[in-house]
Each structure stands twice: as structure tokens, then as C-alpha cells.
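I opened the notebook for a new chain today.

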Amino acid sequence: MNPSLALLAACLCLAAVSAAAAPSTLQYNVVAIPSILGTTAMSPTSINSNGEVVGNAYLIDGGSQAFLGSRTGSTLIPTLGGTRSGATSINDEGQVVGWSTTAMNSEIRPFLFSRDGELANLGTLGGVCSFDWRTLRLG
């Protein structure tokens, strides 16, 4: 049998087995996240099991900045001195990772933002720019 056809047949069998599995018991509630004054739109990138959402808020001036939101309110996450940032992930402890420009927007650095409002520059491995895409699970 042609290897491509064999792979296709295996994928179809796997899909059939997956479709026959028991239905999921997960339930979701959709809630509105309050908007932030001075923004035109908000684009979520990650949600944790506590319903906290992070992402990018698009500002009236055309820029974007990381935000943290929940059903009770939303806030912009401070930058590392520049004018642009984005949040990429949040863990169940409320720690947010993302990226931010530094002063004069000359470099991009990953950050860690904690629930208590502390913002940490995670630095680079020797280069000019660096990103962080996922938070670590603690404990």
C-alpha cells in the first residue's frame, strides 16, 4: 500500500475512534470582560481556570498593550519602559508572561507580571530581543 494512503487511513481510523469516545463533561460560561477606557478592542490570548484572561488591548493611538481581565474588571499591564507590549499566557496562580518594548522602544524583552502587581524583566540569553510564550506551572 502507498505510504501516503496508509497514513491517511490511520488518521481516519484515529478520527473515527476519537469521535466515538464519550462526550465531554466540561461546561463553559461565557462572560463579558469589561473594556478598558482608551482602547478600541481587546484580543484575548490565554485564560486560566480561575476565569482570568490576558491578551492585547488596542489603544486609540494605534498601539497595543498587554491587559489582564476578569468578570470584575480589566487593567493594562505596565510596560518595561516602552510603548508596546503583549500578554501571551497566564497560569492558575495569576502569573502573566508576555513581551514589552524597553525605553525608546529599542529592544523587546519577556516579562513576568504577578498578581501583586510586580513586573519583572526576564532578560535575554545574550541577544537584543527575546520573547516568553508560556508560564511555568509552580508547585
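What is the mean pLDDT of the protein chain, and what share of its residues reach 70 or more? The model is predicted, so I looked here before anything else. The mean pLDDT is 80, and 73% of the residues reach 70 or more. Residues 1-18 have a pLDDT below 50. Beyond near neighbours in sequence, I found one contact for this stretch in the model.

How many bridges join strand 2 to strand 3? I noted six, between residues 53-59 and residues 64-70, with the two strands running antiparallel. I picked out Tyr58, whose bridge partner in strand 3 is Ser64.

Four strands form an open, antiparallel sheet in the order 5-6-7-8. Strand 5 (81-90) and strand 8 (119-121) are at the edges. One side of each lacks a neighbour in the sheet, because each has a single partner strand. From one strand to the next, the twist averages 30 degrees.

Strand 6 (residues 96-102) and strand 7 (residues 108-113) run antiparallel and are joined by six bridges. I checked two positions opposite strand 7. Val96 faces Phe113, and Gly98 stands opposite Phe111. The hairpin of these strands has five residues between them, and Met104 takes a positive phi near 60 degrees.

Strand 7 also pairs with strand 8, antiparallel, through three bridges. Which residue in strand 8 is the bridge partner of Phe113? I found Leu119. Strand 7 and strand 8 form a hairpin with five residues between them. Gly117 in that turn has a positive phi of about 95 degrees.

**Entry: open space**

I finished with the largest pocket. About 370 Å³ of space lies in it. It is lined by 14 residues, and the closest to its centre are Asn29, Val30, Val31, Ile47 and Gly51. By class, I recorded six nonpolar, seven polar and one charged residues in the lining.

Technical notes: Residues are numbered from 1 along each chain as its sequence is written. This is a predicted model: local features need pLDDT of at least 70, side-chain atom pairs count only at pLDDT 80 or more; totals for chains, interfaces and linings use all residues. Side-chain values use heavy atoms; hydrogens and water are left out. pLDDT is the predictor's confidence in each residue, from 0 to 100. Contact means heavy atoms within 4.5 Å. On a 1 Å grid over the protein atoms alone, a cavity is a set of points where a 1.4 Å probe fits but cannot get out, and a pocket is an open set with protein on both sides within 12 Å along at least five of seven lines; lining residues have an atom within 4 Å of a point. Grid points are joined across faces, edges and corners, and a volume is the space filled by probe spheres set on the points. Ala, Val, Leu, Ile, Met, Phe, Trp, Tyr, Cys and Pro count as nonpolar, Asp, Glu, Lys and Arg as charged, and the others, Gly among them, as polar. Two strands pair if DSSP finds at least two bridges between them. Axes are lines fitted to C-alpha atoms, for helices over the stretch in contact, and angles run from 0 to 180 degrees between N-to-C directions.
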